[in-house]
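Hi there,

Here is the structure I promised to pass along. Have a look at it first, and then read on for my notes.

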Protein chains: 2
Amino acid sequence: MMKNVNAEIISVGSELLLGQIANTNAQWLSKRLADLGINVFFHHTVGDNFNRLEDVMKLADKRSDLVIVTGGLGPTDDDLTREVAAVVLDKTITTDEEVLRKVEQYFTKNNLRMSENNRKQAHVFSGAKVFYNTEGMAPGMFTSHGQTGWVFLPGVPREMKSLMSTQVLPFLTAHYQLNQKIISKVLKFIGIGESLLEDELSDIIRAQTNPTVAPLAGEGEVTLRLTAKATTEAIGLEMINEVESKILERVGAYCYGADEDSIEYKVFELLREKNMTLSSAESLTGGRFIERIISIPGASSIIPGSIVCYQEESKINVLQIPRKLIQDYGTISKQCASQMATNVLDIMKSTIGISFTGNAGPNAAENKPVGTVFIGIKRDAEEPIIHEYQFKGNRDTIRNRSVKKGFELLYNYLKN
Amino acid sequence: MMKNVNAEIISVGSELLLGQIANTNAQWLSKRLADLGINVFFHHTVGDNFNRLEDVMKLADKRSDLVIVTGGLGPTDDDLTREVAAVVLDKTITTDEEVLRKVEQYFTKNNLRMSENNRKQAHVFSGAKVFYNTEGMAPGMFTSHGQTGWVFLPGVPREMKSLMSTQVLPFLTAHYQLNQKIISKVLKFIGIGESLLEDELSDIIRAQTNPTVAPLAGEGEVTLRLTAKATTEAIGLEMINEVESKILERVGAYCYGADEDSIEYKVFELLREKNMTLSSAESLTGGRFIERIISIPGASSIIPGSIVCYQEESKINVLQIPRKLIQDYGTISKQCASQMATNVLDIMKSTIGISFTGNAGPNAAENKPVGTVFIGIKRDAEEPIIHEYQFKGNRDTIRNRSVKKGFELLYNYLKN
């Protein structure tokens, strides 16, 4: 029923190859095409150079069913897309009178002299389907060459997106008789590494083709993207649910949420449900933990505050850690983490106190190597629970992993 | 003298073709290569598929002098870059014992079970130059095939950038005897908008071709990038200095630094020079201000700490703001900001106290519209200075602008 359409995206523009801008057009287009069930197999970026663009187009014509070209349709001499495509696809160029009138009107209205090369923007291929551009001058086009369909779009993101959304996507859906829905769901995991998660699920990941199951690693967490193709949304959702159940049977203990969920948001929700409040005492993380959860609107109902005690003296004077404890065990210790969590809970009058102390680098301190981190959790009158870690990475990574781990610990603690 | 090196960048990863992430690696790499005078002629993105990756690599081997491949070096089954490259470039794969030890140690230290496929991360090509990865597991590599040089790098941006900056770029400079120097300098401005800065400098920006002058706007600050091409570094620097002087004559009052300088680093430097210490009392910013300055290595010498007093009760109990003051003026007030700065200075025993209180949204509070922010600065026995702002934007933007403004105020205060 469904045709398999294999596509590629060609981005034309030397500014991309110089790194002056990121290729966000290719990303945006890829998402839209995936939504239609079109497989994007390649992105190819090339500069404003006749021979190289010609080679790139010839290759695309051979290997792809559908090629989307963005950029190089403007008025200047280095805009070569039409000229090169005319050669590769064996097309003649004509002037679209409607576009030309629009171009001329623009210059008249704005009291500008229209240079000859602006006529180029009205050039189209004979017999092409023309998509008129409401956001700018150069129109989009669709034309065929052998088995391959070619879409040409301006490179300006606003113009490209507008043409694509309102005209090209509906056209492609009809032209390729695409009638499938793409449903996807992202499962989020914490406390399990990417490779271990894949080990646990390797047979599912390998066997699944619809829905597909794709892992992606982030800092301190891993996600799995489930993507189903189906004729209706309901069927797609059912397919996703079935695979999701299989996955959660094995690794559900590490799954904290889906799609837009963040671990800090889940902690926030659990605290709110349980009518609990949270404060932090932060040394190496320097406020980064509390900052993350305060980013959530409504945090004021669950977060009284935090004490950032970066120097030893502020641990003693403000957080009231006994000087003797620091002399005996150091600030980077189980004992100090425990006292920090206990005291911040008392001072902030919260139900839970969490503490972070450790060495984020660059140098060893108190004979503790860079990356040594203690995280303490204290609830009401219970004994504090202290965890010790040895994180890798630079100062920033160590601080980030500490914060992530803090949320993971709290999440597991609150869930049980 | 100068060799012409024509390069391409191959990005491996299905997540790029699904549009889940933008290809920022290719942009970043392109800029760095351009700085060395290397021409980047193509970006080519391909998924985790053996045959397609093989075709893409074969094409690159034919058409380019230098190929940079990122991604696909991880531990999972769909990481295929090494296996495909071994075929295309006719290389044997061996295990690097140093990397393997590191991988094993990581799992042992963190009490994690190491799955068999993690050994893959220690696989390298026989005879390749290996670039050891301090930010992660899989190392980078350089190897040659015929006339073409191949660099392999992990796809995780942090790891890729670190390897590239510290090891690969110096290696390529030596290997290809690159002797065109690209000298660039970024001037950083705060307290002036992008369009005003461009207005002031429009003639210079337009007339300059070597060095070029390119403005870029960020959140709350603007930068100008000056880029000169020259045969020696000394000549390039002289060219830059000349244009820089012209620019600073007009807008020097807003320039706080250059290149890697950040406004928080300049504040840090000024505090250190003057032997001063800084603490913060943060309500709407929730620790984001102190977090930024604690990111700087060595911050412990100037930052005793911070009190994040997000709820009214913690302002009263911990920061000791009189309840009467809050009843009379509210927490979002000049008076509260003043008392917060004064009290945190006393509690943390610092030379300077800074305070942030305001409404970051989403709803109006205490009859103050979203975006109302008070920032207070208190030094020793001097009267606190309070500034009031009305920032635009969402919760995140308002909190960011408040933090940036706090650093700008401190910078100007400390400089004078």
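The side chains of E269(B) and K266(B) come together in a salt bridge, with 3.7 Å from N to O. Please keep in mind that this is a predicted model. Both residues belong to helix α9 (residues 263-273) of chain B, where they are 3 residues apart, about one turn of the helix. E269(B) is partly exposed at 24% relative accessibility, whereas K266(B) is buried, with a relative accessible area of 18%. The cut-off for buried is under 20%, so K266(B) falls on the buried side of it.

A second pair sits in helix α12 (residues 323-329) of chain B: D328(B) and K324(B), 4 residues apart, again about one turn of the helix. Their side chains form a salt bridge of 2.6 Å, N to O. Here D328(B) is partly exposed, with 45% relative accessibility, and K324(B) is exposed, with a relative accessible area of 53%. There is also a network: salt bridges with shared partners join R288(A), D396(A), R399(A) and E291(B).

Which parts of the chain does the pair K185(A) and E244(A) link? K185(A) lies in strand β9 (residues 181-190) of chain A and E244(A) in helix α8 (residues 233-251) of chain A, so this pair, 59 residues apart, links distant parts of the chain. Their salt bridge has an N to O distance of 3.0 Å. K185(A) is partly exposed, its relative accessible area being 22%, while E244(A) counts as buried at 12% relative accessibility. Over all chains, the count comes to 34 salt bridges. As background, side chains of opposite charge can pair when their charged atoms come close.

Now to the sheet. An open sheet is formed by 10 strands, with mixed pairing. At the edges are β17 (385-390) of chain A and β17 (385-390) of chain B, each of which pairs on one side only. On average, neighbouring strands of this sheet are turned by 10 degrees against each other, direction ignored.

One pairing within the sheet is that of strand β15 (residues 352-358) of chain B with strand β16 (residues 372-379) of chain B, which is antiparallel and runs over 7 bridges. As an example, S355(B) has G376(B) as its bridge partner in β16(B). In general, strands of a sheet pair through backbone hydrogen bonds, either parallel or antiparallel.

Helix α7 is worth a look in both chains. In chain B, helix α7 (residues 194-207) has 14 residues and reaches 18 Å from its first C-alpha to its last, close to the 20 Å expected at 1.5 Å a residue. Where is the kink in α7(B) centred? The kink, of about 75 degrees, is centred on L201(B). L201(B) is also buried, along with L197(B) and I204(B) of α7(B).

In chain A, helix α7 (residues 194-207) contains S195(A). S195(A) is buried, with a relative accessible area of 8%. Leaving aside residues up to four places away in sequence, S195(A) touches P75(B), F107(B), S115(B), N117(B) and N118(B).

Best wishes

Definitions and conventions: Residues are numbered from 1 along each chain as its sequence is written. Chains are lettered from A and ligands numbered from 1 in the order in which they are written. This is a predicted model: local features need pLDDT of at least 70, side-chain atom pairs count only at pLDDT 80 or more; totals for chains, interfaces and linings use all residues. Side-chain values use heavy atoms; hydrogens and water are left out. Two strands pair if DSSP finds at least two bridges between them. Helices (H or I, at least four residues) and strands (E, at least two) are DSSP runs, numbered from the N terminus. Axes are lines fitted to C-alpha atoms, for helices over the stretch in contact, and angles run from 0 to 180 degrees between N-to-C directions. A salt bridge is a side-chain nitrogen of Lys or Arg within 4 Å of a carboxyl oxygen of Asp or Glu. Buried means under 20% relative accessible area, exposed over 50%, partly exposed in between (1.4 Å probe, protein chains only). The expected span of a helix is 1.5 Å times one less than its number of residues. The bend at a residue is the angle between axes fitted to the seven residues ending there and the seven starting there. Contact means heavy atoms within 4.5 Å.
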